[in-house]
Every structure is written in structure tokens, then in C-alpha cells.
Amino acid sequence: MKKFEDIKTICNLGCGTMGFGTAIAFAKSGYEVNMFGRKDASIERAMKNIHFTLDVMKANDLLTEEEEKGLLSRIHGVTTLKDAAANADFVIESVAEDLDIKKAVYKEMESYLGPDVIFATDSSGLSPTEVASALDHPERFVVAHFWNPPHLIPLVEIVPGAKTNQETVDITWKLMEKIGKKPVALLKEAPGFVGNRLQFALLREALHCVKEGIATAEAVDTICKYSIGRRLGVTGPIETADFGGLDIFYNISAYLNADLADDKEASDVMKKCVDEGNLGAKTGTGLYNWTPEDIDRIKRTREEVLIEWLKKDASGQKF
């Protein structure tokens with residue numbers, strides 16, 4: 001693999017919700033970025049999102065005017081995979097979350113780039129072994145799963161496939177640290193990796209409580225936000241159990257686990273909403289009714305809180 005120190009240019013495949021964010025992260029750290037979109041309109045939309053995001057960062061002292069100029073000069077919009085691959089030393093990909101599409105993209109990329117260039121997918125749950133099965137050099141393939149919004153959430157899950165070599169994992173880890181992220185490497189792959197497994201376990205129980213009439217959706221969310229939500233930013237679930245006493249947590253789990261949701265199918269509460277076309281904030285109705293003012297308020301609040309945490313990270317207040 002190319003040495004970490006020799007990585008200068010990033011092939012950034014995709015410029016949607018995650019793609020423009022990864023482009024910002026790499027360009028902010030001094031890397032040249034070839035940002036791929038399928039058409040000129042995609043690039044233009046991504047650049048608007050980039051400018052908006054940089055304005056937010058400047059307003060919160062996360063970026064200076066001079067840094068913004070340098071960052072923007074390093075992002076190069078392209079509309080062909082061949083142009084995206086030009087002089088690339090590392091690939092980060094966030095195209096459609098579809099196995100066949102990703103396989104086709106990587107198969108073409110392999111014709112442009114030598115086997116010493118790492119291919120990293122920002123997939124949120126697809127098997128790296130399955131995606132890499134289309135490659136002649138699967139040892140260079142790895143997951144680097146950023147979390148949304150990628151410019152505000154530090155975590156990147158690094159997930160090896162069955163044939164990923166350790167050098168690929170190690171170099172990807174170093175690169176994620178270099179761009180200011182908090183990389184965590186998994187020992188092996190699992191559907192949903194770790195972050196989404198935890199997120200959907202919580203969501204399954206939350207929807208179960210609503211379905212069984214234990215509490216309203218609003219009550220469930222309030223309980224999360226004002227208790228475990230605040231604590232989890234300091235101590236993870238396993239640390240919390242150790243800190244609280246394993247004897248206590250064991251005794252509670254001995255009677256509670258049997259009553260927790262263990263559905264193996266997707267939630268019928270969500271299915272009913274989806275079947276009715278009530279998809280949440282983007283349609284105005286889901287498990288809640290949403291107004292544009294509600295959506296803007298929550299986005300601003302989320303942004304303010306996440307920026308406060310980023311500033312604590314930057315000052316060395318890490319957990």
C-alpha cells in the first residue's frame with residue numbers, strides 16, 4: 001500500500017449528503033480532493049452545500065476566512081470516474097447504498113488505480129467482503145463509515161472485510177486521525193457494524209414502548225434526551241455498567257431482558273407510516289407532525305450542541 005506520508009490526493013466518489021462532507025474534511029486538512037458527481041448539477045448542488053457548511057463553521061470559529069479560501073481551492077469537481085481517479089492516492093466512496101452499484105464503481109476504479117491505492121467505502125452497513133468480491137485486489141478494501149453530519153460527528157468506524165489486510169486498516173486509521181476524526185477499528189465485520197446495531201437496538205425498544213402503550217413517542221424521546229442521552233456522551237454502555245456496578249446491572253438484566261423487544265422483522269409501527277406515505281420530517285408527518293419551523297429549530301439546536309462538543313474535543317477535553 002502507499003505509505004501514509006505519500007497520500008496527497010483523495011478520490012472522493014459521491015457529493016451528496018455524506019460526500020460533500022467528506023470532501024470538506026479532507027480538503028480542510030490540506031489534501032487535494034477530486035470530488036465526483038454524476039453531472040454538473042450534482043457538483044453545483046454540492047458546492048452550495050459546502051459553502052453553506054463553511055459559513056456555519058466560520059460563524060462558530062471552526063474555520064477562518066483564509067482557511068476557507070485554501071480549502072475551496074483544493075476541491076475539484078469532476079463528472080467522470082476516470083477524472084476522479086487522476087493522481088489519487090486514496091479513495092473514499094459514498095455513492096448510492098446499493099451493492100451492485102458499488103461493485104460496478106469499484107470494478108471500474110480498479111482499472112484506473114494500482115493495487116497500492118486503498119479503496120474505502122462510507123457504507124453504513126453493507127458487507128465489505130461482498131463489495132470487495134468484485135475486485136482483483138480485495139486486500140486494499142475497507143469500510144470507513146463516517147456519521148451524519150460528517151463535519152460535526154467525529155466517529156469513523158473502520159471495518160475490515162474477510163480479505164482486508166492489516167496495513168489497509170492501519171493506514172486508513174492514521175488518515176482518519178489526520179483529518180481530525182475519531183477512528184475506531186472493528187475486529188471483524190457485522191451487519192450494521194457497531195454504531196447502527198446499537199442505534200437500531202435502541203430504536204426497536206423505543207417503538208415497542210410506543211406500540212404497547214407504555215408511553216407516547218414524545219415521552220420516550222424526552223426520557224432518552226434527558227437521561228441516557230446525556231450520559232452516553234461521557235460513558236458508553238459498557239463503561240456505565242462497570243461504573244454503576246455489574247452486580248446491579250446483572251440483577252436488573254436477569255428479569256428485564258426477557259421482557260424487552262426482540263422482533264426479527266422491521267417495525268410494523270414504521271411500516272404503517274411508510275405505507276401511508278408518512279416518512280417523517282421530509283413529508284411533514286411521521287410519528288410526529290413537523291412544521292418547517294420545528295425542523296429548523298431542531299437542526300439549529302443539534303448544530304449548536306455538536307459544535308460545542310467539537311470545541312471541547314479541539315481543546316483536549318476528550319473522553
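Predicted model: local features only at pLDDT ≥ 70, side-chain atom pairs only at ≥ 80, totals over all residues.
A contact here means that heavy atoms lie within 4.5 Å, and by that criterion M176 touches F26, F90, F146, V156, I158, K181 and P183, leaving aside residues up to four places away in sequence.

**Nonpolar cores**

- The largest nonpolar core is made up of 36 residues, and those with the most contacts inside it are I10, F26, M35, F90, F146, L175 and M176.
- Two or more residues of this core are given by each of the helices α1 (19–28), α2 (40–59) and α7 (166–178), and likewise by each of the strands β2 (32–36), β4 (90–93), β5 (118–121), β6 (141–146) and β7 (155–160).
- Helix α1 supplies six residues, which is the largest share of this core.

**Aromatic pairs**

- Five aromatic pairs are found in the structure, and one of them is formed by F26 and F90, whose ring centres are 6.4 Å apart and whose planes make an angle of 45°, so that the pair is classed as tilted.
- Because F26 lies in helix α1 and F90 in strand β4, this pair ties together parts that are 64 residues apart in sequence.
- F26 is buried, with a relative accessible area of 0%, and F90 is likewise buried, with a relative accessible area of 0%.
- Ring pairs also bring Y31 into the picture, linking F26, Y31 and F90 into a cluster.

**Charges over rings**

- The charged end of R140 sits over the ring of F119, at 3.9 Å from the centre of that ring.
- In another arrangement of this kind, the charged end of K312 sits over the ring of W309, at 5.5 Å from the ring centre.

**Backbone exceptions**

- The peptide bond that joins N148 and P149 is cis, with omega at about 0°, and P149 has its place in the loop between β6 and β7.
- D61, although it is not a glycine, has a positive phi of about 60°; D61 is found in the loop between α2 and α3 (65–73), where it is exposed, with a relative accessible area of 66%.
- F193, also a residue other than glycine, has a positive phi near 60°; F193 is found in the loop between β8 (182–185) and α8 (195–211), and at 1% relative accessibility it counts as buried.

**Cysteines**

- The count of disulfides comes to zero.
- C209 is in no disulfide, and the nearest cysteine sulfur to that of C209 belongs to C224, at 8.8 Å.
- Seen from C224, the closest cysteine sulfur is that of C209, and the distance of 8.8 Å is too far for a bond, because a disulfide calls for a pair of cysteine sulfur atoms within 2.5 Å.
- C209 counts as buried, at 17% relative accessibility, since buried means under 20% relative accessible area.

Note on methods. Residues numbered from 1 in each chain as written. Heavy atoms only, no water. Core = buried A, V, L, I, M, F, W, Y, C linked by side-chain atoms within 4.5 Å. Buried < 20%, exposed > 50% of the residue type's maximum accessible area, 1.4 Å probe, protein only. Helix = DSSP H or I, 4+ residues; strand = E, 2+ residues; numbered from the N terminus. Phe/Tyr/Trp six-rings, centres within 6.5 Å; stacked < 30°, edge-to-face > 60°. Lys NZ or Arg CZ within 6 Å of the ring centre and 35° of its normal.
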